[in-house]
Amino acid sequence: MKSFGATKLTVMVGALLLVAAVGMHMSGKQFTTQTTSRTWVLHTYQVLDKIENLLYTLRSAELNQTKFILFGNDGYLKEYDRFARESDEQIKQLQEMVDDNPEQVTKLSRLQNSVAKMLATAQRIIAIRKTNGIEAAKVLLNDTASSDKANSVETAAKDMAQVEQRLLQLRLSSLNTNTQKTQDHINLVNGFFVVALLLIVWIYSASREKAQKSLALQHAVSRMLNESEDLYQAINKIERLIVAHGGWACASTWLLSDNENVLRCFDVFSEPWLNDAAFVEETRSRKFVKGEDLPGKSWEKQQAVSIVNLAKEENFPRKNLAKDCGLVSGFAFPIISEKNFLGVVELFADSKHELDQDTSNTFESIGREIGRLIERQRTQMRFRAIFNQTYGFIGFLDTEGNLLDANEPALQFSGVEAADVLHKPFWEGPWWAHDQVQKERLKDAIRRAAAGEFIRFEAHHPAPNGSSIYVDFSLKPVADSDGEVKYLIPEGRDITERKEAEIKFRAVFDQTFGFIGLLRPDGILLDSNQSALEFAGVKLEDVVNKPYWQTVWWSRDPALQETVKQAVEKAASGEFVRFETRNPSSTGEMFDFDVSIKPVTDPSGKVILLIPEARDITQTKEAERRVSEFYSTVSHELRTPLTSIRGSLGLMEGGLTGAIPEKTLKMVKIARSECDRLIRLINDILDLQKIEAGMIELKRADVQADHLVERTIDGLKGMAHTLNIDLIAGQPTNAVVHCDQDRIIQVLTNLVSNAIKFSPPGSDVLIGVKQDVEESSLKFFVKDNGPGIPPAQAHKLFARFQQLDQSDSRQKGGTGLGLAITKAIVEEHHGLIGVDSEVGKGSTFWFSLPAVSKLPAVSQPDDEVQQLASHIHPALIIEDDDSIAEVLKEHLHQDGFEVVRASSLKEAESLMRRYVPLVILLDLTLPDGDGLDLLTALSTDNARRHIPVVIVTGRDPDGVVKCGYPTLIDWVEKPIDESKLHDAFNAVRRKIGPARVLIVEDDVAAREILSQQLNSLGVSCLEAKDGAEAIKVFRHSNPDLIILDLSIPAPDGFAVVDILKEESNGDKPLIVYSAMDLNSDQKQLLKLGLTAHLTKSINSIDQVIETVREFLDGLVPPPPDI
Amino acid sequence: MSETGNKSKINHVLIVDDDDNIRLITQMSLEGLTTWKVQEARSGKEALTCLAGELPDVILLDVMMPDMTGMDVFGQAKTLLGDNLPRVIFMTAKVQASEIEKYRALGAAGVIMKPFDPMKLPEQIEEAFSHFS
């Protein structure tokens, strides 16, 4: 590609001219005329040479331009630039050379014009190649190739050259004329000079011709490669070209077969006279391995090889056939792309063709270009295949949005030809014609994509058949290595099927009566159906991407938010959660909801989505309330007349209305007894209704199972005795069951009384408990020796009003609801109930209950603490003087205490049996004893020793101090100083000093350090290692301040604060001291009374102590002065 | 404690019920089985009038009455009499045994469920009375 030949040529000509010049000089001054003529001849040659050089330079520039267009390699562009600059220089030199000849000056300016035009065009195409890519540039390139712009340069140049040729002839003949007239020695010199000149002309022409030919061939090949879309066509044309230009008889191309590792003949072109030769025939059908024959040799060496004499070549299997058709020499050069060997072109000539290095280089260069073409073709083919065969719609845009390419599916979909849509704005295409809005959206998308953004949206397009399709449309920017966006790739995937399914689903989802949503496992709302949005009067964007519990449906009630949050967390752990809520709607109306949150798992069982669902059950609830009210009313309305009937009969039977005849008494007794049955029936119906409606609240506690059995037996002893039945308790088990004791005794009583009723006198009824093997449940059983129950009837037993023999009911006095109630109670306890029986062998009724609760310890503190926590405790004034009591009462009221008054110790004791007062205001001098005695009594009573006491007395306080009552707060002398009283009340709120600080911290060391520091402050410390203990201690001891770590064993710090909030009016001073960095929301949650949030890594222990001191205010001594 | 409150024996009972029959039966039961003085009121209003005079030891108070319910009477009597309020035993046809606790918590001495056994009524009253003392 380099102007290797041309450079060599210039050097040669230059050397000869030098020889000529020396010759001229030697000829001396006396030959001035001759010399002048010779100078002119030389000048003319120089001009001719310059013109040729210029043309060569321009062709080289053009060649490099073409290569750049085709391959986009910047190296070509640099070469082009160099040649373009060189051409400019050469024109300037020409101008200097011909400025004495007006004719040539005019011609030169025409040439200069043409050159400028030609270069301008080239620049323009190069610019288009850079911005719009190869295809656009190729179109232009072909346009200009066919135009005469390039030719006009040649014409202008030839025009100039002709003038110089004419001059040369004139000057040469003039030189010859002069030569004849000169002396001999001069002739000699002149002869030498002429020979030199002729030599120059010859060499010049020969090498010029060769270089020209080689350049022209390369140029032609480049063009061919450019013009041909099809590989076969391109190669065939190249073969023709080479044969035509290089005087070859035959050219064949061999390509490396993909999987065989052999060269196969791809195409042969030969001169017509060779067409039928067996050689050509053989060539077409041959394949060669590496090193075999001429192509194999070129393959092996990866370079051009020639066989000057085919007849003498050993490695040439087609030798004889070649000889037959007169082929003499051969030449082969490899087709190489980026060092990959792809094939060989071989050439044969019917004459001796010796090839020099230059030609070999030229052909190797052509081989590389063919290689690049093949590689490009293959890549394109693969790309095309993908592009066209892909299921989706793909195109190719420039950054302006012009469609450079579109794949077959996209074209077929709209039934258009590529030509109809290519090189036009994409949005003008048939795909977007139907919808102006979508068109604008696309334009905007193209602008944004051209700026580097990846765009994706859903679009819909009309299909030719009248329907429309939904497309998942994307626009991808393609940037060069500098990050500059060069192209955009629009892509569309037909998602109609999915979309239609989605629309159908969406319709159901949105229009369904219930409220449905979709959450991420972390509770972020992804979607909500229309019903739910309409209920709350919001749009999807108002709620989406927020934590579910913070959405409008729950935000009106913080307690509900917490419930929902916990439910989400539970569901995220894979549990199905269901609960009922009552929330206000956007209009403030109250609604009842049945809420559930379902986890959705992937095949591996991981929770990937949560589906919250809420059903409006306001009407159901309303109906339930009405039913409940109805039952209540019916109950009242039935019982009122029954009260009179039962009362009248009772009075008559009891003889209060006077003596009545025996027969009448018998009737009265029947009426009274049936009346009682009616009353029981009403009670049972109401009971059953309540249980089944879930309206009874089970008061569950851990109870000894044996205890339940004992109590049942105790209750029925009398009845059993009357009927002569022995009640026997089974083996004790020590098992504990979590249940509502009264209700389970009701169940047992029912079963046992049935057993008594149906057992023959003198028999036993066995009542016992059995633990099952896994100890997960307890089975209570009642075994009788009654008549037994036929299996077919057993299932009827637990239904309402089902007594096996109707006559039984009257005889045994039942209501027919006993077992139904029993079953309802057991089921409410999540238990099972059943009967095992055989006719004639008695029956065993049984029910099972889950053994022991797995509830966290917090929810079941010991009885004492629970009692303390669950009652409202008024302040107790123990004061015999009414007016002083009134004053104290007034003050306590002002400070927000409820008040109970006792005027004697005895009354106070009686009151305290029922209430645990929040504080006691105690007079010491009381009608029935000394107040200090009460204090002493209290201090030995564990349940009451913590009650703060304020003594209000006229007596000397000495004795008070001695009694050592732990929670004595203060004493207030009579007459009462109001401010002192208030101080005492304030102290009550804080509960007596030394101030007590509860340290909740699971780390022993941290707890100890805090505790030591606080002790040195004169504060007494309570310690808890986890949330459950913290709450227990809190309830027991009511500390003055809490230092709380957050990451403690369950319940964690947040939960502890929540529980304390409810239990302590939320006014307890709190220092949160944890490693967690809290955000403002969390801080808001972690707030009781005075609250500080300290972080372990930031705040030192000293700061904690300082905060404690600050919060406890007067309760701790001030820091010592230094 | 007031004089009335300290009494450990029942001498005087006020029956408050809008139902004539029930009042009659209650009266007959108490008069037939005890020596207590039995006073009757047909409404809450009448009951409050009665309480302005000689105070009974026990008030048997029906819950469901027109105009003033038993609870209303209880509240007003408490305001009126303060610590001198006699023991109040509610009589109701509406509630179940399990709800007795609620009435107790409000300060009632007891609850007697209707229908009641007239032969056992005095016993029930005495039990409630002593339980509270």
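Begin by selecting B:Asp117 and A:Arg646, which form a salt bridge between their two chains, with the closest N and O atoms 3.1 Å apart. Please keep in mind throughout that this is a predicted model.

**The interface of chains A and B**

Now display both sides of the contact, which takes 23 residues from chain B and 24 residues from chain A. The size of an interface is often given as the accessible area lost when the parts come together. Here chain B and chain A bury about 2,100 Å² between them, and 61% of this area is on carbon and sulfur atoms.

**Two backbone details**

Remain in chain B and select B:Lys114 and B:Pro115. The peptide bond from B:Lys114 to B:Pro115 is cis, with omega near -5°. B:Pro115 is located in the loop between β5 (110-113) and α6 (121-132) of chain B.

Move to chain A and select A:Asp293, a residue of helix α10 (residues 293-301). Its phi is near 60°, a positive value in a residue other than glycine. Most residues other than glycine have a negative phi, and most peptide bonds are trans.

**A salt bridge within chain A**

Select A:Asp159 and A:Arg110, a salt bridge whose closest N and O atoms are 3.2 Å apart. Because A:Asp159 lies in helix α6 (residues 149-180) and A:Arg110 in helix α4 (residues 102-132) of chain A, the pair ties together parts that are 49 residues apart in sequence. Over all chains, the count by this rule comes to 51 salt bridges.

**Two packed helices**

Finally, select α23 (residues 741-758) and α26 (residues 818-828) of chain A, which pack at an angle of about 145° with their axes 9 Å apart. The crossing of α23(A) past α26(A) is left-handed. To view the contact, show the side chains of residues including A:Val747 and A:Leu751 of α23(A), and A:Leu819 and A:Ile825 of α26(A). By class, the contact of these helices, α23(A) and α26(A), has six nonpolar, five polar and one charged residues.

Key
Residues numbered from 1 in each chain as written. Chains lettered and ligands numbered in written order. Predicted model: local features only at pLDDT ≥ 70, side-chain atom pairs only at ≥ 80, totals over all residues. Heavy atoms only, no water. Axes fitted to C-alpha atoms, helices over the stretch in contact; angles between N-to-C directions. Helix = DSSP H or I, 4+ residues; strand = E, 2+ residues; numbered from the N terminus. Left-handed = near helix turned anticlockwise from the far one by under 90°. Contact = heavy atoms within 4.5 Å. Nonpolar A, V, L, I, M, F, W, Y, C, P; charged D, E, K, R; others polar. Buried area = accessible area lost by both parts, 1.4 Å probe. Salt bridge = Lys/Arg side-chain N within 4 Å of Asp/Glu carboxyl O.
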